[in-house]
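Reader: I am new to this structure and would like to learn how its features are read. Could you take me through a few of them, one at a time?

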Amino acid sequence: MTLTKVEIDVPEEIVPYTVLKDKDAQITRNAMLVYPYIKKGVMSHGKAAEMLGIRKVDLITLYGKLSLPYFDETEEEFEEDLTVLKKLRGATI
């Protein structure tokens, strides 16, 4: 993975939280930078993980620890999916 320096303007109070020496903290920070693009559907978890230099499952696990969902469904959408699954399987769950 090739690294490039990026200069951004942030409030001075945030600087200590953005300049990180710890590799895990850097990965978390960078994962948070790409999360909005995953949520909007601009990039997949797999592409984001590739860009971050980690495995997809590790990125999903990291987001889970941060309480960021892998599946972005409402309860109603989940119930609809479950109903379709029941119909396809011909069983009751």
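Reader: Which residues does Histidine 45 touch, not counting residues up to four places away in sequence?

Author: This is a predicted model, in which local features need pLDDT of at least 70, side-chain atom pairs count only at pLDDT 80 or more, and totals for chains, interfaces and linings use all residues. Residues are numbered from 1 along each chain as its sequence is written, and side-chain values use heavy atoms, with hydrogens and water left out. Contact means heavy atoms within 4.5 Å, and Histidine 45 touches Ile38, Lys56, Leu59, Ile60, Tyr63 and Tyr70.

Reader: Is Histidine 45 buried or exposed?

Author: Buried means under 20% relative accessible area, exposed over 50%, and partly exposed in between, with a 1.4 Å probe and protein chains only. Histidine 45 has a relative accessible area of 11%, so this residue is buried.

Reader: How do the axes of H2 and helix H4 cross?

Author: Two packed helices are described by the angle between their axes and the distance between the axes. Here the axes of H2 and H4 (residues 56-65) come within 11 Å and cross at roughly 90°, which means that H2 is roughly perpendicular to H4 (65 to 115 degrees; under 35 is roughly parallel, over 145 roughly antiparallel, the rest oblique). On the H2 side, the residues making the contact include Ile27 and Tyr35, and those of H4 include Leu59.

Reader: What is the phi of serine 67?

Author: Most residues other than glycine have a negative phi. Serine 67, however, has a phi near 65°, a positive value, and serine 67 is exposed, with a relative accessible area of 65%.

Methods. Axes fitted to C-alpha atoms, helices over the stretch in contact; angles between N-to-C directions. Helix = DSSP H or I, 4+ residues; strand = E, 2+ residues; numbered from the N terminus.
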